[in-house]
Amino acid sequence: MIKLEDLHKSYKIGNSSLHVLKGINLNIKEGELIAIMGSSGSGKSTLLNIIGMLDLLDNGTYRLDNVEIKNLNETKAAKYRNKFLGFVFQSFNLINYKNAVENVSLPLYYQGIGRQERQQKAMKYLQKFGLGDWSKHLPSELSGGQKQRVAIARAMVTEPKVLLADEPTGALDSKTSHEVMNLIQEINNSGKTILVVTHEEDIAKMCKRIVKLKDGIIVEDKKIKQNLIKSNV
Amino acid sequence: MFNKDRWQEIFETIKKNKLRTFLSGFTVALGIFIFIILFGLGNGLKNSFKEFFLDDATNILYVESGKTSKPFKGYKASRKIEFENEDLYDIQKFFSFYLDYITPRITRGAKIKFKNEYGNYTTRGVAPSHQFAEKTIVTNGRYLNDIDIKQKKKVAVIGRLVSRDLFGEEDPIGKFIDIGKTVFKVVGVFKDSGGDNEERFVYIPYTTRQKMEKATKKIGSIIVAFKPEIGNSGALAFEKQLREYIKQKKFIAPSDSKGVFIRNVSDDLKRNQQFASALQVIVTFVGIGTLIAGIIGISNIMVFVVKERTKELGIRKALGASPKSVINMVLQESIFITTISGYVGMFFAVLILKNTGDRLEDYFIKNPYINLSTAFFATIVLILFGAIAGYVPAKRAASIKPIVALRDE
């Protein structure tokens with residue numbers, strides 16, 4: 001599904017440049033639930049941003065579903081993001097003046113889907129994630145766990161090929177963290193490829209594979225026995 | 001261009017960001033409001049100015065006498081020149097080609113009394129045609145006529161304010177007033193757009209004034225109106241010939257600049273028109289200044305609005321909004337708000353100007369107005385610049401990478 005070969009990325013800071021990714025090789029198959037771990041500064045978020053086409057790579061190749069992603073301009077990147085990728089952020093990044101269902105339907109708006117259909121699809125995902133009763137609430141009226149579930153619904157509504165989660169549980173307590181991870185596992189079980197960036201060991205253990213980054217290179221890549229969470233929703 | 005879905009999205013944004021909408025709308029409305037009010041008041045100022053200085057007929061030469069400064073033909077210098085009735089007839093005869101009408105004016109102050117009310121006013125002994133020279137408007141009764149002149153009748157036409165002071169609400173027509181201890185019958189009341197002072201005059205036949213002053217034939221000054229069709233050059237020629245004629249008749253040295261003065265109103269008119277256009281320049285300057293201030297105000301608001309939305313725009317981009325659609329959204333929203341509020345501001349300003357009328361006359365502002373086309377033009381300019389002002393920060397926001405915009409604050 002995702003194939004990275006000799007990926008390099010550096011940032012210019014003033015006169016010096018900071019080499020963040022120093023040749024990443026990674027092959028992710030369809031249906032994987034993969035945790036990318038590393039301390040801060042290891043380049044894990046940069047890697048996710050490049051996979052998410054929020055940032056451009058300097059060197060190397062990036063193939064998504066056998067399509068090489070290169071020469072991206074903003075418009076093309078936006079289109080790909082919208083079509084192939086779903087994002088979940090640590091700080092949720094919901095639009096605060098839109099209610100849950102409006103937030104969830106926003107990616108569909110950028111696909112040019114009609115209002116009725118947007119609404120229906122968004123409601124379907126909210127209900128699926130147990131938020132049917134909260135569809136008309138603003139983000140400020142939702143708990144952290146609910147917000148993250150809305151964000152996941154928003155990421156899933158376009159039925160993307162890959163779900164990218166950047167510290168999805170970073171702002172949540174352990175109980176809601178587990179709820180959110182449970183949801184991610186469920187989505188994964190239905191066949192979706194998911195990348196989770198985290199620095200928490202127990203969160204990583206809920207995935208099927210752990211990739212450890214240090215100073216811009218992969219130091220460890222192992223399949224693990226997934227720590228499945230019992231559904232309590 | 002028209003996309004129902006996009007508009008819906010914009011309306012939702014507007015509806016849910018009332019403060020922001022209000023702020024940007026208010027700035028635009030206020031900008032256009034102040035522009036129109038100031039521009040209108042400037043026009044009002046111009047109106048009063050015109051009325052003040054341009055109220056008299058403009059085809060007029062004022063002929064005044066003075067003292068000679070040079071000896072001539074056996075006469076000593078410092079001789080006082082005085083006009084007499086003869087001069088009137090002679091000028092009339094000699095210059096019939098140029099002349100429209102002619103009237104003397106004998107100005108005297110007098111205490112005027114009616115019953116227990118009295119006051120000091122200026123009387124003018126004049127001929128009937130003086131009415132045209134001053135553009136006197138008779139509101140009640142009649143002006144002086146030829147019979148009054150010929151029979152030296154003791155009749156008076158009094159100004160509106162004289163009437164108000166002496167008679168109050170009473171109708172003065174047919175009443176008798178005391179002008180310098182001579183009894184006159186009031187035959188008319190007039191108003192004059194030249195302002196309060198002009199409405200404190202009392203007009204009497206010049207022959208009557210002469211009779212009161214021991215049957216003198218002397219007249220103060222002469223007002224000569226030329227035919228308007230002779231034009232400016234004709235007027236200048238007439239003025240020159242008239243001066244020469246009077247100098248010759250009164251034995252004034254041709255090089256003497258003192259004995260007789262002729263003031264050409266068309267010269268005044270030119271000067272006043274220059275002043276009026278200077279006023280116009282000031283008004284325009286003030287208008288452009290306000291407009292620029294308004295544009296700066298909108299630019300500020302737009303920068304603020306886009307700044308506030310940076311994160312939201314980043315989210316939208318991460319979810320698949322292209323830079324173009326982000327810019328379009330911001331611009332369409334801002335143009336929509338500025339258009340609506342711009343025209344609201346314009347509407348109220350024009351409404352206020354329309355209802356002001358002459359209420360501010362005490363401050364020399366009369367009938368302030370603005371051309372609707374000017375108002376529309378200014379509004380469109382403001383909207384246009386609002387859009388440009390919005391475009392720059394919107395473009396910048398759209399080109400910020402989503403990761404930067406999404407970075408936790």
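The following questions and answers concern a predicted model of two chains, A and B.

Local features need pLDDT of at least 70, side-chain atom pairs count only at pLDDT 80 or more, and totals for chains, interfaces and linings use all residues. Residues are numbered from 1 along each chain as its sequence is written, chains are lettered from A and ligands numbered from 1 in the order written, and side-chain values use heavy atoms, without hydrogens and water.

Reader: What is the bridge partner of A:I2 in β4(A)?
Author: Strands here are DSSP runs (E, at least two residues; helices are H or I, at least four) numbered from the N terminus, and two strands pair if DSSP finds at least two bridges between them. Strand β1 (residues 2-13) of chain A is joined by five bridges to the antiparallel strand β4 (residues 59-64) of chain A. Within β4(A), A:I2 is bridged to A:L64.

Reader: How many residues has the largest nonpolar core?
Author: Such a core is a set of buried (under 20% relative accessible area, 1.4 Å probe, protein chains only) Ala, Val, Leu, Ile, Met, Phe, Trp, Tyr and Cys residues joined through side-chain atoms within 4.5 Å. A:I2, A:L64 and B:I36 are among those with the most contacts inside the largest core. The number of residues in this core is 77.

Reader: How many salt bridges does the rule find across the interface of chain A and chain B?
Author: A salt bridge is a side-chain nitrogen of Lys or Arg within 4 Å of a carboxyl oxygen of Asp or Glu. The side chains of A:K98 and B:E12 form a salt bridge at 3.8 Å, N to O. Across the interface, the number found is five.

Key:
Buried means under 20% relative accessible area, exposed over 50%, partly exposed in between (1.4 Å probe, protein chains only). Contact means heavy atoms within 4.5 Å.
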